[in-house]
Amino acid sequence: MAAPAHDPSTTAPALRPATLAVTVGRPPHDPDQPLNVPITMTSTYGATGDLEYGRFGNPTWSAFEETLGALEGGRALAFSSGMAAVTTILDLVGTGGSVIAPRHAYNGSVGALADAESRGRLRATLVDTTDTAAVVAALRGDEDVALLWLESPTNPALEIADIPALCAAARELGIRVVVDNTFATPLLQQPLALGADIVVHSATKYIAGHSDVLMGAIVVADDEVYGALKGRRDLAGAVPGPFETWLALRGLRTLHVRLERAAANAVELARRLADHPAVAEVRYPGFGAIVAPVLAGGADAGDFLVRATSLWVHATSLGGVESTFERRRRWKVEPATIPEGLVRLSVGIEDVEDLWTDLKQALDRIDA
Ligand SMILES: *Cc1c(COP(=O)(O)O)cnc(C)c1O
């Protein structure tokens with residue numbers, strides 16, 4: 001039987017993120033212990049222990065959760081997808097409660113809010129989260145607000161919210177704050193330290209990092225909120241498979257090196273794209289590895305670009321080692337305030353010169 005995984009609470013204050021990513025959640029350094037936590041394939045456990053049943057816990061989940069929790073500075077829970085994590089958090093809002101959320105949040109999150117609203121579960125108000133004063137006014141103007149949902153940077157508009165200021169305003173009003181930290185990852189932004197109550201991730205993206213697994217996660221600081229979310233997971237059953245979780249943990253081990261290369265590539269591509277005549281505007285928040293050029297030629301130019309490359313893969317999703325892109329308005333659910341010519345680039349870890357050569361030859365052929 002594998003020994004209990006490493007306790008992150010003894011290492012979190014002293015060690016830096018790259019060390020935590022590599023070392024937390026491993027078996028003890030003892031003779032014959034594996035270096036990696038095993039994939040525990042079981043639906044049940046010998047009775048009267050702490051685990052009991054496969055929907056309540058799994059040692060492979062624990063290793064992933066300890067590692068992500070150490071990086072975010074809280075307690076983590078693994079879910080079967082980012083959306084399973086998102087909807088679990090929304091379940092905490094009491095019936096009739098109100099949620100303030102970004103108008104340009106991930107369209108699945110906006111869709112989940114609209115779905116809950118259509119069933120009379122809650123009310124959703126979509127706001128421009130770059131306008132701090134407007135968000136604070138929305139929080140103050142509705143006494144039923146239970147949750148402020150933030151996503152920063154937003155997907156795909158790459159807008160930034162003032163997380164510390166909004167958390168401070170929400171705290172005064174007793175409103176919980178959730179931050180979708182999928183784009184920034186815990187290496188570039190730690191929302192709990194900025195005052196947020198709950199962090200949510202699509203671990204499908206940077207955390208797993210290889211476009212081969214769907215997973216989500218929630219991280220919280222407060223034990224009571226942790227208990228409520230764990231209770232929802234136990235009941236609703238949106239749990240990940242042990243193999244998926246093992247892959248996500250394997251991905252998390254290299255997040256810092258993948259992100260460093262991808263972000264360096266993104267900075268360079270953002271700079272070169274801004275000088276290309278086919279590009280009207282480049283959205284890049286200055287960190288991370290998502291770049292969103294808006295093509296001067298609109299939808300037609302975007303649709304041409306995504307068919308005219310050989311390295312860049314035309315595919316949705318993001319955060320893998322390989323570079324992918326798509327014109328976001330090809331999705332009918334994407335709001336009209338996202339420009340037709342916006343192409344979201346998920347910059348990978350290939351050689352940046354090859355990535356640019358491939359993009360440039362396609363951009364050069366767009367009819368002006
Ligand atoms: C992809 C994504 C989600 C949803 O995650 P899944 O793993 O696809 O269910 C949520 N938020 C953001 C910002 C995303 O990019």
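I begin with E52, which counts as partly exposed because its relative accessibility is 32%. The cut-offs are these: buried is under 20% relative accessible area, exposed is over 50%, and partly exposed is in between, with a 1.4 Å probe and protein chains only. E52 lies in the loop between α1 (17-23) and α2. Helices here are DSSP runs of H or I with at least four residues, strands are runs of E with at least two, and both are numbered from the N terminus.

Before going on, a word on the source. This is a predicted model, in which local features need pLDDT of at least 70 and side-chain atom pairs count only at pLDDT 80 or more, while totals for chains, interfaces and linings use all residues. Residues are numbered from 1 along each chain as its sequence is written, and side-chain values use heavy atoms, with hydrogens and water left out.

Back to the backbone. Phi of E52 is near 70°, a positive value in a residue other than glycine. S317 is another case, with a positive phi near 75°. S317 sits in the loop between β10 (313-314) and β11 (324-327), and it is partly exposed because its relative accessible area is 28%. Two peptide bonds also deserve a mention. The bond from S152 to P153 is cis, with omega near 0°, and the bond from N155 to P156 is cis, with omega near 5°. P153 is in the loop between β4 and α6 (163-172), and P156 is placed in the loop between β4 and α6 as well. Why point these out? Because most residues other than glycine have a negative phi, and most peptide bonds are trans.

Next, the ligand. Which residues come nearest to the ligand? Of the 13 residues around it, they are M83, D180, S202, T204 and K205; a residue is counted as near if one of its heavy atoms lies within 4 Å. There are polar contacts to side chains, meaning pairs of N or O atoms within 3.5 Å; within protein, one atom must be able to donate a hydrogen and the other to accept it, and residues adjacent in sequence count only if both atoms are side-chain atoms. A ligand oxygen is 3.1 Å from an N or O atom in the side chain of N155. A ligand nitrogen is 2.7 Å from such an atom in the side chain of D180. For the side chain of T204, the distance to a ligand oxygen is 2.6 Å.

T67 is found in helix α2 (residues 59-72), and it is buried because its relative accessible area is 0%. Not counting residues up to four places away in sequence, T67 touches L20, A21, V24, G25, L249, L252 and R253, where contact means heavy atoms within 4.5 Å.

L147 is in strand β4 (residues 145-151). Is L147 buried or exposed? L147 counts as buried, because its relative accessibility is 4%. Beyond neighbours within four places in sequence, its contacts include I89, L90, V93 and V178.

Last, T309, in the loop between α11 (298-305) and β10. T309 is buried, because its relative accessibility is 16%. A polar atom of the T309 side chain lies 3.0 Å from the backbone oxygen of W312. Setting aside neighbours within four places in sequence, T309 is in contact with F325, D358, Q361 and A362.
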